[in-house]
Amino acid sequence: MLTYRYSVQTLGGQTLDGVIRAEDADTAKQALEQSNLRVLELERETKPSGSPLRGTDFFAFNQQLAQLTKSGLPVESGLRLIAQDMRRGRLAASINAVAEELDRGVSLPDAFEKHRRQFPPLYGQLVEAGIGSNRLPAVLMNLGTHLEMLQRLRNSLWRAAAYPLVVLTCFAGVMIFIGHTLVPRFAEMFNDFDTDLPSLTLWLVNLAPHTWYFAIAFFGLLLFFPLLGVVLRLLGSGGVLRDQVAMRLPLVGPALQRNLMARWCDMLRVGVSAGMDLPAALELAGRAVGSTRLRWDTQALIDRLEAGKSLDSGSGGSLIPASVPAAMQLASEQADLTALVGDLSAIYEQQAELRLNAIQVYLAPMLLVSLGLIMGFVVVAMFLPLVKLMQSVM
């Protein structure tokens, strides 16, 4: 059975789109016509021929496409040139697939939409807005600036997380070595003393055999949350873990909130610069960030606009402060909304990076003190029987 994507018209003149499974195109067309539907378009749906463009590959592709469209080169020719420059064949296949759609007369936004699995979400929508406003190169350049900001924030987040993760991983390895190598030998030596061991030493000896369980639990947590994030992202709810867990953590939560707001404001700037009306730009920003709570806040702003109210007519949301809609309302009245949301994005980006740096500032002393206390406990517990023995001899 093959899958076909169709566009049909009902007896009432309504156009419907969908997919149907059939042995061939004629069988699919007959099945639709038997349902009193007039077939407008019927096309076999094929699996993506290339791998998704993400990260630095997509950034390079977007910048090259912006330069080519700015120079006036036909888009389909430019896409084929970009495909030749790509490092891997499957990435080139993704771009060539779009170029082939253009050769068949499909519009550029529709071509990206048909191969949306190969490109980031909403890319076709941005391209369509850029073409509609006759500002496609500027829209792609703005998107490139947005991608640069995202990369800076990701780098800051990883820098903040790398140090504590490395320290804790090394410490876990040291504790495994101490618990399964040193402590058992000291325990054998303590048994030859023929004396009562101090309470601290007994605790250490009793805890040593369980060191593996603590290590397994620690490394299990390190693997669990990334895997959970991947699963939720595949299920289309990747923002749930961040919204419900990470946002509530001390130090980390405020940094992530400002990270989201910086991305939201910057994507709103891209949408407004592309010529979208404010509700469409808000919807684009809310969907692009991937946060459920932020999407709810954005929808509340859209509902106000559709109801004929001003943006500052209600209170702020769970993530969007009340000052942001108020400033947007004032800027929209003065035709300066693009500059405002750009400034807000820069402000939230700086705040996010400052709080990410503060994580390292606070975590470093906390980790050192905690590790010092644990290591001090181990050293004292291991040598306390020797001290007690020496005192008894003296």
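## Close-up views of a predicted helical model

**View 1. Helices α12 and α13 face each other.** Leu278, Pro279, Leu282, Glu283, Gly286 and Val289 of α12 touch Leu294, Arg295, Thr298, Leu301, Ile302 and Leu305 of α13, where contact means heavy atoms within 4.5 Å. This is a predicted model, in which local features need pLDDT of at least 70 and side-chain atom pairs count only at pLDDT 80 or more, while totals for chains, interfaces and linings use all residues. Residues are numbered from 1 along each chain as its sequence is written, and side-chain values use heavy atoms, with hydrogens and water left out. Helix α12 covers residues 278–289, and its axis comes within 9 Å of that of α13, crossing at roughly 170 degrees. Helices here are DSSP runs (H or I, at least four residues), numbered from the N terminus. Axes are lines fitted to C-alpha atoms over the stretch in contact, with angles from 0 to 180 degrees between N-to-C directions. The two helices are therefore roughly antiparallel, a word kept for angles over 145 degrees.

**View 2. Helix α11 packs against α13.** Here α11 (residues 252–273) meets α13 (residues 292–306) at an angle of about 40 degrees, with axes 12 Å apart. The crossing is right-handed, meaning that the near helix is turned clockwise from the far one by less than a right angle. Look for Leu260, Met261 and Trp264 in α11 against Leu294, Thr298 and Leu301 in α13.

**View 3. Helix α11 also packs against α12.** The axes of α11 and α12 lie 8 Å apart, at an angle of about 140 degrees. This pair is therefore oblique, and its crossing is right-handed. Among the contact residues are Arg263, Met267 and Gly271 of α11, with Ala281, Leu284 and Ala288 of α12.

View 4. The structure holds one salt bridge, defined as a side-chain nitrogen of Lys or Arg within 4 Å of a carboxyl oxygen of Asp or Glu. Its partners are Arg269 and Asp266, at 3.0 Å from N to O. Both lie in α11, three residues apart, about one turn of the helix.

View 5. Leu251, Val361, Tyr362 and Met366 make a patch of about 400 Å². Patch residues have over 30% relative accessible area and no salt bridge, and nonpolar side chains (Val, Leu, Ile, Met, Phe, Trp, Tyr) are joined within 5 Å. Areas come from the Shrake-Rupley method with a 1.4 Å probe, and only the protein chains shown count as cover for residues. To find your way, Tyr362 belongs to helix α15 (residues 337–393).

Technical notes:
Patch = residues over 30% accessible without salt bridge, like charges linked within 9 Å, V, L, I, M, F, W, Y side chains within 5 Å. Parallel < 35°, antiparallel > 145°, perpendicular 65-115°, else oblique.
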